Amino acid sequence: MKDTETFEQIHWPDGAQCAVMLSFDVDGDTIWKNGASQIEGGSRFLRGSSVGNYGPNCAVRRILTLLEALDVPATFFVPAKVMEDHPALFKEIDRRGFEIGHHGYHHERYVDLTPEEQRAIIEKSQKIFLEVIGKEAKGYRTPSGDWSRETAGILYDMGFSYSSSMRGDDRPYRTVIDGKTTDFIEMAPKWDLDDFVQFGYNLYPAEPSGQDRIAGIEQVFANFRQEFDGYYREGLCFVIQCHPQMIGSPGRLRMYERLVAYMKSKGNVWFATGSEIADWWRENY
Ligand SMILES: [Zn+2]
């Protein structure tokens, strides 16, 4: 069967064969603090927070240097509390031309919140974005799992351009809100293109809860590359979701470097930020 029988061929900008959205979730210590708050005496366990803080304290700058060396754009999603705690770092990410998107205030689970609570978190976070980098977020990635039935409509009402949260396609798509197809674009990442699923580990509180993970770097590289080959062949939108605290170690980041270099070597790949892909899709599809 020809690939074109599966999907209508997408005509990407400048005749590119496929699109790539490199993305990083700079969670800082929010996930770990939230997790520790769920267990008795959890605040005594500080090591998890330091696992998260490795991102903004150390790994993000290593990633920025690599992205600039490879000359590729990227999108960083951040809980606004982490931006508040590390303003100089996020000013630098912005100054160096990368996009920064919304990822909650404290990595909240939107599915557990009322619409009013969700709006309050987004408003509070947008104020912090304005104060620190002088602009509001246009993109959203849901923190800690799911969003609620109301979330997409709230984001759309509040002027967001896109989300990169769901799993529903290998191409960007228009989100259906209250039965209407809208201009709110989704670029879906995948669990198998998420480094947290491959590499995430903490002894206690247990992460993952069954406590058996840290995949081999070469296996993960092979998975990511194989998946990219499929996206490239079918001309799709490859969204890879990484976390500085996971991918940003000295060894793993060399794997990421090889992956991006491999993608570039295929030729004719459109590397773009979330906003660029969403805007382009909205105008053309
Ligand atoms: Zn996150």
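Author: In this predicted model, two residues are in contact if their C-beta atoms, placed from the backbone, lie within 7 Å of each other. By that criterion Ala19 touches Trp12, Cys237, Phe238, Trp270, Ala272 and Ile277, leaving out residues up to four places away in sequence.

Reader: What makes Ala19 stand out in the largest nonpolar core?

Author: The largest nonpolar core has 63 residues, and Ala19 is one of the five that touch the most other members; the others are Val20, Met21, Phe76 and Phe238. Membership requires a buried residue of a nonpolar type that is joined to the set through C-beta atoms within 7 Å. Strand S1 gives the most to this core, with six residues. In soluble globular proteins, nonpolar side chains tend to be buried together.

Reader: Why is strand S1 called mostly covered?

Author: A residue is buried if 20 or more other C-beta atoms lie within 10 Å of its own. In S1, residues 18-25, eight of the eight residues are buried. Cys18, Val20, Leu22 and Phe24 point one way, Ala19, Met21, Ser23 and Asp25 point the other way, and both sets are buried. In a regular strand the side chains alternate between the two faces of the sheet.

Reader: How do you know that S1 pairs with S9, S8 and S2, and in which sense does it do so?

Author: At least two bridges are needed for two strands to pair. S1 and S9 (residues 269-271) have three bridges and are parallel; here Ala19 stands opposite Trp270. S1 and S8 (residues 237-242) are joined by six bridges, again in the parallel sense, and Cys242 is the bridge partner of Phe24. S1 and S2 (residues 75-78) run parallel with three bridges, and Asp25 stands opposite Phe77. Each of these counts reaches the required two, and therefore each is a pairing.

Reader: Which strands does S7 pair with, and in what sense?

Author: S5 (residues 162-163) pairs with S7 (residues 180-186) in the parallel sense over two bridges, with Ser163 opposite Glu186. S6 (residues 173-177) runs antiparallel to S7, and four bridges join them; Val176 stands opposite Thr181. S6 and S7 form a hairpin with two residues between them, and Asp178 in the turn has a positive phi of about 50°.

Reader: How do you know whether the buried residues of helix H11 lie on the same side or on opposite sides?

Author: Gly274, Ile277, Ala278 and Trp281 are the residues concerned, buried in H11 (residues 274-284). They cover an arc of only 95° around the axis, which puts them on the same side of H11. Glu283 and Asn284, on the other side, are exposed.

Reader: How do you know how compact the chain is?

Author: The chain has 11 helices and nine strands. Its radius of gyration is 18 Å, close to the 19 Å that the globule rule gives for 285 residues, so the chain is as compact as a globular protein of that length. Along its principal axes the C-alpha trace spans about 55 × 45 × 35 Å. Of the 285 residues, 41% count as buried.

Reader: What share of the contacts between residues at least 6 apart in sequence join residues at least 24 apart?

Author: The share is 75%.

How values were computed:
Residues are numbered from 1 along each chain as its sequence is written. This is a predicted model: local features need pLDDT of at least 70, side-chain atom pairs count only at pLDDT 80 or more; totals for chains, interfaces and linings use all residues. A residue is buried if 20 or more other C-beta atoms lie within 10 Å of its own, exposed if 12 or fewer, and partly exposed in between; C-beta atoms are placed from the backbone. The arc is that of the directions from the helix axis to the C-beta atoms. The radius of gyration is taken over C-alpha atoms; the globule rule is 2.2 Å times the number of residues to the power 0.38.
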